[in-house]
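Good morning, and thank you for the time on the agenda. I would like to take you through several helices of one model, and I ask that you keep the structure in view as we proceed.

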Amino acid sequence: MMSAISDFLFDILFVILVGNFFFAIKKFPTRMNPSSLSSFGFAMAALMCMIYREEWDMSTFSVLTFCIFILGVPCFTLYNYLLFYYGKPVGNTTIKLDKMKRFTLENTLLMIFLFIQVVILFMRFRFVMSTTGLASLSAALYDIRGSANQGFAYEIPLYLQYLIEISDILAYYFGFVAAKMYVNKEKGLKRNLCLTIFVIGTLSSFFNGARGTGLYFLIYYFIVWGIIYGRSKCRELKKTGLKKIVKILVVFILAVPAFSVLTSALGRSDSEKYSTM
């Protein structure tokens, strides 16, 4: 009984999220806006839950959680819609990216941040290998993740926890900077350094033994890039047809299974209960 109710709620949730997505790309000046991006992300998550509902035992999903998504996402879109069309800005709140001051980060400072990222990456690698006592990196990561799933995760030293947070902050910040530089077509050493800092921070996150954090970094980068691009190319983006958006969705759906390629690198075996997704 609960399984049938859960399946029905997932179907309703997916339909509402897809409808909310198309409403957002039609009613807002730019295709890439907070409402469409959030709806797209939640819709893809709901789709994956529908596909793997048995493997992930989604019948235990709380009805209250369904209500939060079913009501919360449309309310968020409605709030943005009312704010955009009926809100009265106080003063000049318009920000034109083409007139924003360029970043003045010095190459020396960027190299220092890059060095910090490399050191933290090496320290996390050393911690994983020394703690597990295994010779293979994939086996060590598998052991780290398996221990966490069984409730007795390895204790990370406090100093390393702070360093991991610093690495994450650097990755998020310079991911934004690199995305903005790509949109503005800025080339040179600064852009490459910013992107490298972001990439190393993303790679460092995989030492958690899982791919989730690394995936968050990548999603964050493309969302930031899309928002900045959409704001700077408002007129061109507004003319983007639904066919192009559908093609992007199809490519995304086809690309998602490729994420399972990382399973062998992280030591996940095929005999595990859950899917590689």
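Before I turn to individual elements, one term is required: a helix here is a DSSP run of H or I of at least four residues, and helices are numbered from the N terminus. Please also bear in mind that this is a predicted model.

I begin with helix H4, which covers residues 107–132. Directly after H4 comes Gly-133, with a positive phi near 70 degrees. H4 itself has 26 residues, and the distance from its first C-alpha to its last is 38 Å, close to the 38 Å expected at 1.5 Å a residue. Which residues of H4 are buried? They are Leu-110, Leu-114, Gln-117, Ile-120, Arg-124, Phe-127, Val-128, Met-129 and Thr-132. As a general point, an α-helix has 3.6 residues a turn, so residues three or four places apart point the same way.

Next, helix H6, residues 158–183. H6 has 26 residues and reaches 38 Å between its first and last C-alpha atoms, close to the 38 Å expected at 1.5 Å a residue. Just after H6, Lys-185 adopts a positive phi of about 60 degrees.

How do H6 and H7 cross? The axis of H6 and that of H7, residues 189–205, come within 8 Å and cross at roughly 140 degrees. Because of that angle, H6 is oblique to H7; angles count as roughly antiparallel when over 145 degrees. The crossing of H6 past H7 is left-handed. On the H6 side, the contact is made by Ser-167, Leu-170, Ala-171, Phe-174, Gly-175, Val-177, Ala-178, Met-181 and Tyr-182. H7 contributes Lys-190, Arg-191, Cys-194, Leu-195, Ile-197, Phe-198, Gly-201 and Ser-204. By class, the residues of this contact comprise 11 nonpolar, 4 polar and 2 charged.

One further residue of H6 deserves mention, namely Tyr-173. Its relative accessible area is 38%, so Tyr-173 is partly exposed. The C-alpha atoms of Tyr-173 and Phe-198 are separated by 8.0 Å, although the two residues are 25 apart along the chain.

Finally, I turn to Ser-35 in helix H2, which covers residues 34–51. Is Ser-35 buried or exposed? The cut-off for buried is under 20% relative accessible area, and Ser-35, at 1% relative accessibility, therefore counts as buried. Setting aside neighbours within four places in sequence, Ser-35 is in contact with Asn-20, Ala-24, Phe-28, Phe-76, Thr-77 and Asn-80.

Thank you; I welcome your questions.

Definitions and conventions:
Residues numbered from 1 in each chain as written. Predicted model: local features only at pLDDT ≥ 70, side-chain atom pairs only at ≥ 80, totals over all residues. Heavy atoms only, no water. Helix = DSSP H or I, 4+ residues; strand = E, 2+ residues; numbered from the N terminus. Expected span 1.5 Å × (residues − 1). Buried < 20%, exposed > 50% of the residue type's maximum accessible area, 1.4 Å probe, protein only. Axes fitted to C-alpha atoms, helices over the stretch in contact; angles between N-to-C directions. Parallel < 35°, antiparallel > 145°, perpendicular 65-115°, else oblique. Left-handed = near helix turned anticlockwise from the far one by under 90°. Contact = heavy atoms within 4.5 Å. Nonpolar A, V, L, I, M, F, W, Y, C, P; charged D, E, K, R; others polar.
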